[in-house]
Amino acid sequence: MRSTPKKVVVVGSCPVGMEVARQLMERGESVKMVDDLKTDVEKARTRGFNVEQINLQDDDALRRVGIGDGADILFALLDDDASNVFLLISARAIAPNLPIVSISGVRDTIVRLYAAGATKVIDPYRISGYKIYEHMHRSLIAETLDRTVFGRGDLDIAEIHVTEKSFLHGKYLDELSLSDRYNLIVLGVVDREYGDNLIFATDPKRHKLDGGDVLVVIGPEDAFAQFQHDIETEENFPGDAHS
Amino acid sequence: MSITDYVIQTAYELEESERYQRKKRAVYDLLENPHSSIRPYFDIFMMLMVISSVFVLLFSVKHHLGAWAGWFENAVLVFFILEYLGRLWVYDDVHKVVLEEYEKSELINEPFRLSKAFRSVFRSKWRYISSPMAIIDLLAILPSYRALRILRLFLLFRLFKVFRYAQSMQQFGSILQEKRVELVTLFGFLMFVLLVASSAIYLFESPQAGGHVEGFFESIYWALVTISTVGYGDITPHTVEGRMVTMVLIVSGLGVISFFTSIIVSAFQEKMGEVRDRRVAMLLEKERGYTVICGFGRIGQVVAEYLARDKLPFVIIERDEEAVQLARRQGYLVVQGKAERIGLLRTLGVGRQAGKVLCLTGDDVINVFVTLSARQLDSNIEIISRANHHQTLNKLMLAGANHALEPFKIVGLIAGEYVGQPVAFEAIHDIVMGENDITLESIKVPCDSWMDGKTIGELPLEDMRLILFGVITSPNRSSDHVRSHFDLKSLRFQFNPGADFVLLGDDMLLVFGHKYSVLHIRQKLKSATYSK
């Protein structure tokens, strides 16, 4: 299902950095961890992470670990917002097109991190806080999500790229009925006619799929694999024969 | 039957009588129980009574009041006496003391003597009678029996009774009490200086020596007026020696005043935090089922924000001064201190009215410890704890947490998603942030509603712009036609159950949708007449 491993640079060996690196490695990506604080580096090393200590303010050092030179994606996960902004600006100057994901400590810095060149900013504290709140007040939903989507890969949220050649091309979203045929629920779609944003499937418009569009579906891994397989091999939509 | 037998029998009867216990309990709630709901009203009533009775006393100095003033005085007195006796009654259980004595003597095989039992009853009641508050109460009652003028002064002692009812006054008292050593030292010093100065002035300023000080009482009065820097000037030194003494006394007076002020100020400063904490605890007394948040770090701040948004009551324990200030600025109830202190947890109502405890500090050791302490205080309280490291998860569960969460795991998960599937990432990000209008919501199927017994295919979900994620059912429901199902702790989640799936009462639909769509379907469920 996954293509060749991506080269990921994770900057920051704080708890968030370690967790991200751990999960990326579990997914089989090629991860390079760096940080400039000796104490943090030592701490991460005792936990079994291979962290390289470099000077983050030195552009050559950044290039050496792969930024602007081979890295597919950069995670700027330093504990301190100012350091993150500095790192983002340095990295953006070296590699204008590199996707960069960063974290914000305080809410107000999100805008600044985007201005500094982040592709995506995650607020780890808000996510964690909301999770705890959810466990308090919507415990059943939280439990279900934990058990299915965020559990050990029972249900996957995955994306399907529509190509010109696939049988999805030219179909309307509502005539696919993927939930019956494949046990997959369509959550949303990126319809290039309406821009590059994800549109949730509850949108009242009818969406026609064309090449370049992306479907986001949720379902068991084997159902997803079956669907992916059908897209690649079948000429026509399997449903057409019956209907 | 001898008197002894009768007393013992009565004691046993009282011990067993539920009515007696209930009555005593009611009086205790009214007079003493700090957590009872009725006591604040009683306190206010008594305070009004004290103040009005003193007011009547003051008013009668220059005015003649009618007979009603006498009745009022008598009514107040009756209340005071009843209160005094009530407090004396609930202070301890006489019959228990008697029974204890009796059982003790049975144990060591000695004849039970009534006099001995009465002695210990008296001893324990005397402990109450000799307590400062009880003495004040008594002094508020006694002077009414005498018409002596000096005893009327004691009527003003009633004002001291206000102390009993006003908690802030009691705090003031306790603050002074804690600085006892310093105050006694100061008092000793003051006495010494006064003695020396007044003897000197008596000596130097006697009429024989050309002064105006007539007696020793006057010299003490003069010394006190001078040392306190009040200086009325009705008595002044006229001799050179007397003036020298005055100068020394004035300088030492400055020292005494500043020493006294600094003692009081520092005492209040030291106690300020405690006074504030007590206020928080008092505010919490009125609430039920509130949340105690231990740790106001960045995660704690987000949780507090959500709770405040939903207007749910909560209190924060945080040890860091800066974070405490931040919480105060937001207007949250906060107590500065260590959540590990079991006393602090108890003060904040864990084990009584608190409903949930969240352990959100960045230190796993503290989280485990607080979880354990809270579980010890209350076996039913819901505890949610944060595990900063994976290995802590099961330790928290062992310590008694209902849920243990690894906050950064989910961050790692969605960050990892971004590498492979940036579009799917958006969907997950929206779901985990809960800030988007599209949310995952649960809709409960009420028994005997129009939904009960319908199949999924019959529901107008598509018209309502809802996407069905799955149905939560009881764990023993068959999943024959459902392709994937997952067992939760006590329920079963049927993923994408298909159009033929029949809904029953108490099932729960999980749907993705706009919050208005969800509101819409919930409203429809309430109106029973809805038909498709």
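Mentor: Before the sheets are discussed, one definition is needed: two strands pair if DSSP finds at least two bridges between them. Please also keep in mind that this is a predicted model.

Trainee: In what order do the six strands of the open sheet in chain A run?

Mentor: The sheet in chain A is open, and its pairing is parallel. Its edge strands are β3 (51-53) and β6 (120-122) of chain A, each of which pairs on one side only. From one strand to the next, the twist averages 20°. The order is β3-β2-β1-β4-β5-β6.

Trainee: Which residue of β6(A) is the bridge partner of Ser102(A)?

Mentor: Strand β5 of chain A covers residues 100-103 and pairs with β6(A) in the parallel sense, over three bridges. In β6(A), the bridge partner of Ser102(A) is Val121(A).

Trainee: Is Asn183(A) buried or exposed?

Mentor: Asn183(A) is found in the loop between α8 (178-182) and β8 (185-190) of chain A. Its phi is near 65°, a positive value in a residue other than glycine. Buried means under 20% relative accessible area. Because the relative accessibility of Asn183(A) is 4%, this residue counts as buried.

Trainee: Turning to chain B, what is the order of the five strands in its open sheet?

Mentor: The pairing in this sheet of chain B is antiparallel. At the edges are β7 (438-444) and β9 (484-487) of chain B, each pairing on one side only. The twist averages 25° from one strand to the next. The order is β7-β11-β8-β10-β9.

Trainee: Which residue of β10(B) is the bridge partner of Phe486(B)?

Mentor: A hairpin of four residues joins β9(B) to β10(B). The two strands run antiparallel and are joined by four bridges, with β10 of chain B covering residues 492-495. In β10(B), the bridge partner of Phe486(B) is Phe493(B).

Trainee: Which residues form the uncovered face of β9(B)?

Mentor: In a regular strand the side chains alternate between the two faces of the sheet. In β9(B), Ser484(B) and Phe486(B) make up the covered face. The uncovered face is formed by His485(B) and Asp487(B).

Trainee: What is the relative accessible area of Arg465(B)?

Mentor: Arg465(B) lies in the loop between β7 and β8 (466-473) of chain B. Although Arg465(B) is not a glycine, its phi is positive, at about 60°. The residue is partly exposed, with a relative accessible area of 35%.

Trainee: Which residues make the nonpolar surface patch of about 350 Å²?

Mentor: Helices α11 (180-204) and α12 (216-227) of chain B each supply at least two residues of this patch. One of its members, Leu195(B), is found in helix α11 of chain B. Leu195(B) counts as exposed because its relative accessible area is 52%, and exposed means over 50%. The patch is made by Leu195(B), Tyr202(B), Phe216(B) and Ile220(B).

Trainee: Over residues 247-268 of chain B, how far apart are the end C-alpha atoms?

Mentor: An unreviewed UniProt entry places the feature "transmembrane region" at several stretches of chain B, including residues 181-204 and 247-268. Over residues 181-204 of chain B, the chain is 100% helix and 0% strand, with its end C-alpha atoms 35 Å apart. Residues 247-268 of chain B are likewise 100% helix and 0% strand. The end C-alpha atoms of residues 247-268 are 32 Å apart.

Notes
Residues numbered from 1 in each chain as written. Chains lettered and ligands numbered in written order. Predicted model: local features only at pLDDT ≥ 70, side-chain atom pairs only at ≥ 80, totals over all residues. Heavy atoms only, no water. Axes fitted to C-alpha atoms, helices over the stretch in contact; angles between N-to-C directions. Patch = residues over 30% accessible without salt bridge, like charges linked within 9 Å, V, L, I, M, F, W, Y side chains within 5 Å. Areas by Shrake-Rupley, 256 points an atom, 1.4 Å probe, with all protein chains shown as cover. Salt bridge = Lys/Arg side-chain N within 4 Å of Asp/Glu carboxyl O. Buried < 20%, exposed > 50% of the residue type's maximum accessible area, 1.4 Å probe, protein only. UniProt positions renumbered as here; feature names shortened; annotations may be inferred.
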